[in-house]
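Please look over the protein chain shown here before reading on.

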Amino acid sequence: MSSKFEQQGRYIIQNGQKYDLFDLPRGFVIYGDITLSGLVDGTLPDMSDVVVMGRFACAGAMLSSLRGAPRFVMRDFNCSDNRLTDLKYITQDIRGGIICSNNRLGTLSGVQRSVAGDFICSNNDLGTLKGGPDIVLGDFVCSDNKLSDLNGGPQYVNKWYVCSRNQLVSLAGAPHSIGGGVFDCSNNRLVSMDGSPRYVSDAAIYSDNYISDLRGAPAVVGTQVVCKNNPIVSLAGGANMRFGVSFECDLHSEYTVAPVELLAIRSSSFGSIAHNLLKCVLQPAGSHYNKRRDVITTWHQLTDAKSLKNIVNKQLCSREY
């Protein structure tokens, strides 16, 4: 960007010249960031043949259409907090991220297939991800929509993939791997982990769903698997799972036979948890935080009701609180 660039309301100063953003010559190149927030009221000026070598923002401008958007934007394109129902007329060559959250979008059709930064489409009316990008090199956030599955969504996401607070009953369409961040599908209607990415570099979060066992869980998770507030009654499907820090859950006492709740599993190394010593956080069913105990065990003992009952009787329930 040129150090001689400055925006002053609807005008820009560039190389000593003053230009009106609402009356730019065709093919004009802007060497800086542009914000039209507070300058327009429902309609963009015609910048369809203008190049912006910085960020372009038209957030909070009561827009119902992106007609007039620039031909090219070098960095992020932000059209959040408007009244958009679609992305028709969005700039077709954006070299940064795209933020279109807090609109009324019912479709992502019209957006480019690959996004070099974040793609954030949260808090809209999306019932499908079809028509959206295939590749997102930053975060992909589609939370607070009306999605029932992830079909049509990006198949490569380099950082975070957040699809929380939707109406998901299936993870079909999720990418095979999350290369540099968290996979968060919390606060949905999932009854199964089927369809999960097989590899998640950071944490995998499934809290506040209706999941009852671990079938379909990722094979490798870099840090934590978080399954809080689910009716998990079985560890079936988890034997070959590998995680870097811990598995956090609320395993109901109906499964364990003994009157105990399993709150967390921490593995001694990054290998398969079926072959490692495990430090488990247990507490008597219905008790308070100060009744919790760390118990060293194995996956076999943990998943065998008789073995677990013996552990509980010796290491947990026999203690006075």
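Predicted model: local features only at pLDDT ≥ 70, side-chain atom pairs only at ≥ 80, totals over all residues.

Residues are numbered from 1 along each chain as its sequence is written, and side-chain values use heavy atoms, with hydrogens and water left out. The protein chain has three helices and 27 strands; helices (H or I, at least four residues) and strands (E, at least two) are DSSP runs numbered from the N terminus.

**Confidence**

- The mean pLDDT of the protein chain is 87, and 81% of its residues reach 70 or more; pLDDT is the predictor's confidence in each residue, from 0 to 100.
- Residues 253-259 have pLDDT below 50, and this stretch has 18 contacts in the model beyond near neighbours in sequence; a contact means heavy atoms within 4.5 Å.
- Residues 317-321 also have pLDDT under 50, with eight contacts beyond four places in sequence.

**The chain as a whole**

- Of the 321 residues in the protein chain, 46% count as buried; buried means under 20% relative accessible area, exposed over 50%, and partly exposed in between (1.4 Å probe, protein chains only).
- The accessible surface is about 14100 Å², and 47% of this belongs to carbon and sulfur atoms; such areas come from the Shrake-Rupley method with a 1.4 Å probe, and for residues only the protein chains shown count as cover.
- Among contacts in the protein chain with a separation of 6 or more, 14% are between residues 24 or more positions apart.

**Salt bridges**

- A search of the whole structure finds nine salt bridges; each is a side-chain nitrogen of Lys or Arg within 4 Å of a carboxyl oxygen of Asp or Glu.
- Side chains of opposite charge can pair when their charged atoms come close.
- Asp49 and Arg26 form one of these bridges, at 3.8 Å from N to O. Asp49 lies in the loop between β5 (34-35) and β6 (51-52) and Arg26 in the loop between β3 (17-20) and β4 (29-30), so the pair ties together parts 23 residues apart in sequence.
- Asp49 also forms a salt bridge with Arg71, with the closest N and O atoms 3.2 Å apart. Arg71 is in the loop between β7 (56-57) and β8 (72-73), so this pair ties together parts 22 residues apart in sequence.

**Two serines in loops**

- Ser201 lies in the loop between β19 (199-200) and β20 (204-205). A polar atom of the Ser201 side chain is 3.3 Å from the backbone nitrogen of Gly180.
- Leaving aside neighbours within four places in sequence, the contacts of Ser201 include Gly179, Gly181 and Thr223.
- Ser207 lies in the loop between β20 and β21 (220-221) and is buried, at 9% relative accessibility. The side chain of Ser207 reaches the backbone nitrogen of Lys228 at 3.4 Å.

**A surface patch**

- Ile135, Leu137 and Tyr156 make a nonpolar surface patch of about 240 Å². Patches are made of residues with over 30% relative accessible area and no salt bridge, with like charges joined within 9 Å and nonpolar side chains (Val, Leu, Ile, Met, Phe, Trp, Tyr) within 5 Å.
- Ile135 is found in strand β13 (residues 135-136) and is partly exposed, at 35%.

Note on methods: Polar contact = N/O pair within 3.5 Å; in protein donor to acceptor, adjacent residues only side chain to side chain.
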